[in-house]
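Reader: Hi! Could you walk me through this one?
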Amino acid sequence: MLVWLSFAILAALVIGLVIWPLAVDRSGVPTRAAYDGAVYRDQLKDIARDLKRGLLTPSEAASARLEIERRLLATAEEGEQGARPVAAHATAAPLVLTVALAVLVPLGAIAVYLVHGASRVPDQPFAAREAERALTDAHGTLDLDKTVVALRERLKADPSSAEGWLLLARTQAARAHWQESAEAYHEALNLTKGRPDVAAAYAEMLVMAADGIVTAAAREALEMALARDAKNPSARYYLALAEAQAGNVKEAIDAWQALLAEAPSDAPWAQMVHKRIGDYAKAAGLPDPAAPAESSSPGPNADDVAAAAQLSPEQRTETVRGMVERLAARLKDTPDDLQGWLRLGRAYEVLKEPEKAADAYAHAAKLKPNDLSILTHEIDALMADRAPADPIPDTALAALKQLLAIDANEPRALWYLGVAAARAHEVSEAKAYWQKLLTVLPADSDEHKMVSDALGALPN
């Protein structure tokens, strides 16, 4: 009852604000003629004062007074003529409109609510939702361990629910329990009769469970997905990875490039594929198709590389380190060498020194501030040694914000900035980032489902 009373008071206030301008009696508002008459009367007083002070001669004062009195008389006649047409019906229209608004607006609102509203649905306060509260922790955040237990109980009662198995699989994946996720996906795959997106997700979990190796079972699932959906990007990516792991690096790079050529410009996984191409091309001694042309900066030539190949791993590392140190020393004298900083960053990545790599990429980013590829390399280096539960470094957050400033739809920036906001208990900010990310991701993609789950886990 209190709620309805509040609604009634608010409705009355809104209606009052709407009809007030119409209900006000404007008959007493001065006309233009009345305003002009007041001005002319003031001018007559000014003439009398100026005559008394000797500023005007009697003849000048008489002439000015005569002209102003003529204007005053003309103004009075205009006022009478403007007032004659006013009749009772002139005020009737605003009155009718006022009454109509006061009656029809609330009646219309009630009618719309009765058609589209749900007045009989009881309240559902969070405190009363025992089943949902049982799945949250002390902070109101979704507890994945409890969710897994609840999903398993539900599946015991209804083991033929494909959606239930998919929810369990995604929840296990969010916990990084790859094998359990794969098992749940396998059940869902059987129930959906080989749905291609489920087959690809199942294969991905098998790969994750095998520490990144595309196993025979994973390859079989990927081929099943590709047979039913020849454009499935996940299946194409992992089959190319299988080729690379089998030593067919050239074929894998060609397959990845074909995947990138058909991908939408804002595909969230494009940067990952670019990086994979670069890593495998470098390992196999092949040119990176996406790499910029090398600068004329001094560096190891073919003879240096051939000589380094004959050394032991320890000697090779020391040799590379010496080359890197010389490059770093030279860049102190030539800090505007963009390609030099990029090479230095890549070299530090090879030496497993991500902080130095990030610093080199930061120098390169200053020379070419709107290059998404350079910023992405810097972010990769800043987050190289970070475990999933570790806080995101401030420098990485700054780079992510810079990345988002260049490309407002950059998926990685939207995701990690949302993660940082959620961990800082900035729920509204996290929701804004992730809701924007959902508009970027394909609606039927695994990434879209993962972000939706994360968004749903945020406290209200």
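This is a predicted model: local features need pLDDT of at least 70, side-chain atom pairs count only at pLDDT 80 or more; totals for chains, interfaces and linings use all residues.

Reader: Great. How many salt bridges does the structure hold?
Author: The structure holds 15 salt bridges, each a side-chain nitrogen of Lys or Arg within 4 Å of a carboxyl oxygen of Asp or Glu.

Reader: Which residue does Lys231 pair with?
Author: Glu262, with the closest N and O atoms 3.2 Å apart. The pair links distant parts of the chain, 31 residues apart: Lys231 is in the loop between α10 (216-228) and α11 (233-245), and Glu262 is in helix α12 (residues 249-262). Helices here are DSSP runs (H or I, at least four residues), numbered from the N terminus.

Reader: And is Lys231 buried or exposed?
Author: Lys231 counts as exposed because its relative accessibility is 57%; exposed means over 50% relative accessible area, buried under 20%, and partly exposed in between (1.4 Å probe, protein chains only). Glu262, at 46%, counts as partly exposed.

Reader: New topic: how do α18 and α19 cross?
Author: The axes of α18 (residues 372-382) and α19 (residues 394-406) come within 9 Å and cross at roughly 160°. The two helices are therefore roughly antiparallel, a label for angles over 145 degrees.

Definitions and conventions. Residues are numbered from 1 along each chain as its sequence is written. Side-chain values use heavy atoms; hydrogens and water are left out. Axes are lines fitted to C-alpha atoms, for helices over the stretch in contact, and angles run from 0 to 180 degrees between N-to-C directions. Angles under 35 degrees count as roughly parallel, over 145 as roughly antiparallel, 65 to 115 as roughly perpendicular and the rest as oblique.
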